Amino acid sequence: IERKISMTKEKKKSKLGRHLISISFFTVMGVILGFAMIAFLEWQIPEGIPSSERATRTCLMLVFLYLAWLIQVMIHETGHLICGLLSGYTFSSFRIGSFMLLKENGRLVTKRLKIAGTGGQCLMAPPEMVNGKFPVVLYNLGGSLFNLIVTLLFVPVLIAAPKGGLLALFSFLMIGIGIISSLGNGIPIRTESVDNDGYNAVSLHKNEHAKKAFWIQMKVNEQLRHGVRTKDMPDEWFEVPSDEDMKNSLVATIGVYAASRLMDQHRFIEAETLINHMLEIESGMVPIHRNLMICDLIYLELIGQNRPDRINELYSKDLKKFIKTMKGFPSIIRMKYAYYLLSADDPDMAARLKSSFEKVAVTYPYPNDINTERELIEIADDKLSA
């Protein structure tokens with residue numbers, strides 16, 4: 001027990017340390033950009049202009065700030081796409097915000113998917129491994145590279161732009177956001193939700209187990225896009241790595257996938273055992289995966305022993321915050337449905353959640369995942385009527 005408590009404290013310290021580093025980095029970059037924006041406004045706006053015009057220009061800066069961020073996100077994901085194609089990858093999906101473009105039955109379709117902590121994502125299917133190797137660095141760093149290139153292109157535009165004009169304002173913000181995006185994604189950092197591109201590139205370069213895990217993750221995504229459920233994918237893709245290997249975040253993801261596959265196979269006792277083990281060991285599992293596994297653990301408790309004290313222990317304040325940010329995720333809705341049906345005794349809320357699930361299902365990019373979640377919802381229904 002003392003050892004578990006000690007490990008928990010160490011994990012919390014490690015998580016807090018990583019969180020503080022990422023928060024500090026982006027806070028410093030944000031403060032620098034903020035002061036630069038104020039200085040730029042003072043330099044660009046002539047003295048003596050009416051306060052109404054100054055207010056208008058300030059509002060324009062905020063609008064352009066959002067546009068610059070959106071454009072740089074698009075540029076970043078386009079960089080992943082182009083560098084992936086150059087490396088022999090094939091297109092799977094392209095997401096900006098919650099809007100996703102993916103290939104389905106040979107044609108491009110739009111879907112919706114929101115993942116907390118990400119502004120966008122470009123996923124591709126990797127080339128086959130040769131002697132355990134395949135290209136990884138260019139694809140992972142392509143986004144930061146393109147942000148940097150576009151940022152440098154806007155420097156001469158800013159210099160040549162008329163002082164006080166909208167082009168100068170927009171160019172300045174494209175440069176500022178471009179620097180933050182390039183450095184924030186290129187310098188290896190673990191954020192509160194996910195590992196950034198630089199962190200993944202370093203892991204893949206140094207660790208052969210991480211490289212294989214990355215390949216498997218991309219192949220799993222490719223199969224999901226083709227309508228294959230995890231329970232029907234090759235067994236060797238879901239072999240649980242050793243505890244030592246799972247200290248790497250990319251390798252730990254294979255453990256997460258293995259637990260998810262056990263859920264899909266309805267091997268609930270094995271799934272619960274694996275999830276509990278992964279939550280206890282020191283691993284590189286990213287926070288978003290850890291929280292999703294806790295949600296699965298709550299579901300397993302609800303359809304199993306359904307102990308109120310255990311559910312309350314798992315349903316922590318931090319988890320509730322996470323659930324709020326991922327409220328449109330199918331597995332989150334499924335867990336909440338089971339909770340209000342089997343624990344909170346609130347059938348009206350459960351009914352609303354089931355309705356919400358069906359709305360999400362229409363635009364969710366992976367219909368096979370929806371089939372998995374529907375089966376788990378039906379098991380919760382059966383538990384109530386048993």
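1. Buried means under 20% relative accessible area, exposed means over 50%, and partly exposed lies in between (1.4 Å probe, protein chains only). Strands (E, at least two residues) and helices (H or I, at least four) are DSSP runs, numbered from the N terminus. In a regular strand, side chains alternate between the two faces of the sheet.

2. Please note the basis of these values. This is a predicted model, in which local features need pLDDT of at least 70, side-chain atom pairs count only at pLDDT 80 or more, and totals for chains, interfaces and linings use all residues. Residues are numbered from 1 along each chain as its sequence is written, and side-chain values use heavy atoms, with hydrogens and water left out.

3. Strand E1 (residues 90–96) pairs with E2 in the antiparallel sense over four bridges; two strands pair if DSSP finds at least two bridges between them. Arg95 has Met100 in E2 as its bridge partner. Two residues lie between the strands in the hairpin of E1 and E2, where Gly97 takes a positive phi near 65°.

4. On to the next strand. E2 and strand E3 (residues 107–112) run antiparallel and are joined by six bridges. Here Met100 stands opposite Lys111 in E3. The hairpin of E2 and E3 also has two residues between the strands, and Asn105 takes a positive phi near 55° there.

5. How many salt bridges does the count come to? With a salt bridge taken as a side-chain nitrogen of Lys or Arg within 4 Å of a carboxyl oxygen of Asp or Glu, the count comes to 14.

6. Glu301 and Arg307 meet in a salt bridge at 2.9 Å, N to O. Glu301 counts as buried because its relative accessibility is 3%, whereas Arg307, at 32%, counts as partly exposed.

7. Arg374 forms a salt bridge with Glu358, with the closest N and O atoms 2.7 Å apart. Arg374 lies in helix H14 (residues 367–385) and Glu358 in helix H13 (residues 347–363), so the pair ties together parts that are 16 residues apart in sequence. Arg374 is partly exposed at 32% relative accessibility, and Glu358 is partly exposed at 35%.
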